[in-house]
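Biologist: Could you take me through one part of this model close up, side chain by side chain? I'd like the rings and charges, with your cut-offs spelled out as you go.

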Amino acid sequence: MYLGHTMTTGGSLLPCVSGRPYCRPSGKEAFLSVASVTSCPSSTMQLTQLNRECLLHVFSFLDKDSRQSLSLACRGLRDVYLEPCLWSLLRFSSPSQLRRDNFVLGPSLRFLSVCWHSSRVQQVCNIEDWMKSAFQRDICSKHDGLVSAFLANVCHTCPNLLSLTLSGCGHITDEDVIGVLRACRKLRRLHLENCVRVTDRVLLALVAHDGGSPELEEVRVDYCRNVTQAGLRAVREGRPAVRLSAVRSGDMIPDISKPIEERVQLRRTLLQKVLLFS
């Protein structure tokens with residue numbers, strides 16, 4: 001539905017069904033109600049003549065891009081677009097989507113998910129920095145700080161966040177996650193998956209009296225290779241009421257902690273072995 005569409009209503013804004021007062025429909029019933037009145041040729045109505053409640057219902061069926069496009073039609077639709085109740089849930093499938101100005105961050109946000117399921121995560125982002133080639137570093141530089149900057153904005157504008165899911169975000173750090181834990185005190189669920197820079201510091205922050213959200217109910221740290229069994233044990237002992245899941249975390253090989261000179265020498269040795277046996 002767009003601004004040029006008209007709807008025939010039989011002389012009233014919304015119809016009565018079987019002589020009973022109109023009740024707000026939900027789901028598919030809303031569209032059936034609109035379709036059922038288009039057969040009456042007595043009058044026509046522009047989309048902008050719908051009341052605010054109906055417009056909010058229409059917006060709720062649209063994705064972020066469609067909402068933004070519709071909001072550009074007029075000031076009234078822009079006001080509906082900015083209505084906080086439309087933005088309680090946000091899902092992003094890649095860091096590049098965070099650059100788009102097609103969503104609204106605010107106190108109404110309850111559920112946030114940034115999940116990047118891409119081969120680039122495994123082949124580029126999850127490689128230790130000292131092992132990356134110049135080409136790989138160039139790729140990472142284009143999205144390195146996107147999720148971190150976005151989470152910093154969430155800390156300032158979304159104090160009522162209840163659930164945070166970060167998957168495949170290879171560049172977020174402990175400070176990014178800890179910042180959300182301290183700012184969003186109502187957080188109940190924290191899901192981290194394949195976030196290689198996340199370490200035991202996040203888990204220890206959950207145990208600290210001023211670090212973790214007091215209402216936290218569930219924590220998942222799956223495939224985070226720098227999370228150890230000691231960190232998981234600290235959470236189980238310090239906050240036994242929290243449901244903790246750690247698929248493969250604690251059993252994976254962590255990043256190598258060595259001086260830069262030793263890392264460079266190790267990389268040269270690895271390259272020589274590859275050339276020798278290739």
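Modeller: Let's start with Lys64, which lies over the face of Phe92, 4.9 Å from the ring centre. For a charge to sit over a ring, NZ of Lys or CZ of Arg has to be within 6 Å of the ring centre and within 35 degrees of the ring normal. Bear in mind that this is a predicted model, where local features need pLDDT of at least 70 and side-chain atom pairs count only at pLDDT 80 or more, while totals for chains, interfaces and linings use all residues. Residues are numbered from 1 along each chain as its sequence is written, and side-chain values use heavy atoms, leaving out hydrogens and water.

Back to our lysine. Lys64 belongs to helix H3, residues 64-71 (helices are DSSP runs of H or I with at least four residues, strands are E runs of at least two, and both are numbered from the N terminus). Lys64 is buried but has no salt bridge, and the nearest side chain of opposite charge, Asp65, is 7.1 Å away. Buried here means under 20% relative accessible area, with exposed over 50% and partly exposed in between, using a 1.4 Å probe and protein chains only. A salt bridge needs a side-chain nitrogen of Lys or Arg within 4 Å of a carboxyl oxygen of Asp or Glu; for charge, Lys and Arg are positive, Asp and Glu negative, and His and the chain ends aren't counted. So what does Lys64 touch, apart from neighbours within four places in sequence? Its contacts (heavy atoms within 4.5 Å) are Trp87, Leu90, Arg91, Phe92, Asn102 and Phe103.

Trp87 has a charge of its own: the charged end of Arg67 sits over its ring, 4.7 Å from the centre.

Now the rings themselves. Phe, Tyr and Trp rings (the six-membered one for Trp) pair if their centres lie within 6.5 Å; planes under 30 degrees apart are stacked, over 60 edge-to-face, and the rest tilted. That rule gives four aromatic pairs. In one of them, Tyr81 and Trp87 have ring centres 5.4 Å apart and planes at 80°, so they're edge-to-face. Tyr81 is buried at 1% relative accessibility, and Trp87 is buried with a relative accessible area of 1%. Phe92 and Phe150 are another edge-to-face pair, 5.4 Å centre to centre with 75° between the planes. Because Phe92 lies in strand E3 (residues 89-92) and Phe150 in helix H7 (residues 146-157), that pair ties together parts 58 residues apart in sequence. Both Phe92 and Phe150 are buried. Ring pairs also bring in Phe103, linking Phe92, Phe103 and Phe150 into a cluster.
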